[in-house]
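Let me put the structure up on the screen, and then we can walk through it together.

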Amino acid sequence: MKTLITTLNSKFIHKSLSLRLLYVATKNYHNVDFCEYTIKEDLDKITNEIIAMNNQVVAFSVYIWNVELIKILCSKLKKENKELIIILGGPEVSYEIDYFLDNFDIDYVISGEGEIVFKQLLDCLENKQPIDIQGVSSKDNRDYRQSKPVDLSYIESLESPYLLQRDLADMSKRVLYFETSRGCPYQCQYCLSSLEKGLRFFSLDYLKKQIDLLMKTDVKIIKLLDRSFNAKTEHALAILKYIFENYREGVQFQFEINGDVLDQRIIDYINDYAPEGLLRFEIGIQSTYEPTNEIVKRYQDFKRLSEVIRQLQTNHKIDFHLDLIAGLPLENLERFAKSFDDVFSFYPKELQLGFLKLLRGTSLRREANKYGYIYEKHAPYELIESHDLSKEDIEKIHLAEDMLQKYWNSGKMPITMNKVLRQCKSPFYFFLDLGEFYQAQQFKFFGFQLDELFQYINIYLKEQYEDELIEDYLRLSKVKPKKWWKTRIDNEKEIKHRLIEKYQLNQEDVFRYGIVEKLKEDYILVIYKNYQVHVEKYHI
């Protein structure tokens, strides 16, 4: 039987590891292939392409970002070919199989890990045998268990899913997802990972071999799927040591860690040996309110976490991506603002402010009434209101989050925003107030130009930080940008001549490629040449 494994990724740059694992696990036994689409693509076009392939079986990997589209896609495919066998797998469908079997035009659901049971299911279909496989369900034969966890040595015996020939051409253009372990040691009640049992690790020999091969490609971002990279200190240290000794310039490894239990040996090793820019750490702090963390079983020592982050920030080698979740039990608007300010005090490169999603299978979804949770009935099941947050409160948090994205996470004006936010009492209420100012002034939330983004914040800050904004703006561009401010120089040509004469500057560079502007204490000269920007400040 001709079988297609496919999914809808959220963006082209994302590359589905699950498809590749199923492919390498079955390609030697069945006529299988895989392809990827994105959620932005036309569903009729996707349907026509899949039908044109003359598949007898189509298997979808399902997540919260694609489940509603895949539902439509299944109906379209069945309408075109009633005999087509459709299989769903993935975290979105693994824990409430009845909903999908009763409401989707499909034939089978696989719950849990699929590398072994997917092949077994294809074996049965190919040979027209009865299907009695743990974790595999059909409309008239439902198994509410998860599939048995895969022995990772089996995965290691397969062809590498990271280095398939078809993927090599665009390695530098896409994020490569990589796993060194499976399972999660934590019990966070809003997370599907809390439902997984046990923690398993790939062998170091296997991982080192994969890293060696990846370093021979032009991959730029390797993102680990491990729920907590530092769950086993010796394992984490061995991988870090190997990466530090064998990395290639231009690559970055991204890890999700639990900061408060990060072993001091890892901290010291990173501070002593990590190359600058090689690592990015993602830390899901979610809340700094202890009663909230107790309810959701997100036990963490925030004091220790703070110490760890400060230690790792001492030499600025690591990019930090810190996460918060708005909507957890007991956190009203004021208390969430406190969590936000606590976490923002680290001034991370990125602070991701997410909103609670009541995922299928999680304890918080089952206990929604207890906390007054009203949430979207369709994916991504985002919170609408609760006992602790009204709709208006959540709208305010969304407004603050929009400003956070525009003015901090974007990294467009680091000089200005660091100076402003290190002086303000509450970063959360700063972003909220800025958002409300946007609304009052009817500024553009979408479709704005870069210069408008700077003009808006300059107006909000009453021009008190205009020097810093000008410098950020001039540093941001790779070619001469248009000025959004009123120039402070009456005769730019004369100033350029004076700078050239006093500092022996290259006349052609200054006049042909340069912009000069007067700041409070000096002049800033920016040269835009060969898509490179060079910034200097001078006194005359």
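**Cores, charges and cysteines**

Let's start inside: the largest nonpolar core has 169 residues, and those with the most contacts inside it are Leu88, Leu279, Tyr407 and Phe431. By nonpolar core I mean a set of buried Ala, Val, Leu, Ile, Met, Phe, Trp, Tyr and Cys residues joined through side-chain atoms within 4.5 Å. Buried is under 20% relative accessible area, exposed is over 50%, and partly exposed is in between, with a 1.4 Å probe and protein chains only. Helix H14, residues 391-409, gives the most to this core, with eight residues. Helices (H or I, at least four residues) and strands (E, at least two) are DSSP runs, numbered from the N terminus. Apart from this core lies another, of 12 residues, among them Ile489, Leu505, Tyr523 and Ile527.

A word on where this comes from: it is a predicted model, where local features need pLDDT of at least 70 and side-chain atom pairs count only at pLDDT 80 or more, while totals for chains, interfaces and linings use all residues. Residues are numbered from 1 along each chain as its sequence is written, and side-chain values use heavy atoms, leaving out hydrogens and water.

Back to Tyr407. Leaving aside residues up to four places away in sequence, Tyr407 touches Met413, Met417, Phe431, Leu434, Tyr438, Leu453, Tyr456 and Ile457. Contact here means heavy atoms within 4.5 Å.

Leu453, Tyr456 and Ile457 bring us to helix H17, and they are among its buried residues. H17 spans residues 450-460 and is mostly covered, with eight of its 11 residues buried. The buried set also includes Asp451 and Glu452. What covers H17's buried residues? The cover includes H14, helix H16 (427-441) and H18. Just after H17, Lys462 takes a positive phi of about 55°.

Now the charges. How many salt bridges does a search of the whole structure find? The count is 44, where a salt bridge is a side-chain nitrogen of Lys or Arg within 4 Å of a carboxyl oxygen of Asp or Glu.

Here are a few of them. Arg145 and Asp143 pair at 2.7 Å, N to O. Arg145 is partly exposed at 44% relative accessibility, whereas Asp143 is buried at 11%.

Arg304 and Glu307 meet at 3.5 Å, N to O. Both sit in helix H11 (residues 302-313), three residues apart, about one turn of the helix. An α-helix has 3.6 residues a turn, so residues three or four places apart point the same way. Arg304 is partly exposed at 21%, and Glu307 is partly exposed at 36%.

Lys520 and Asp467 also form a salt bridge, with their closest N and O atoms 3.9 Å apart. This pair links distant parts of the chain: Lys520 is in the loop between strand E17 (514-518) and strand E18 (523-529), and Asp467 is in helix H18 (residues 466-476), 53 residues apart. Lys520 is exposed at 60%, while Asp467 is buried at 9%.

Last, cysteines. The structure holds zero disulfides, a disulfide being a pair of cysteine sulfur atoms within 2.5 Å. Cys35 is buried at 17%, and Cys184 is buried at 12%.
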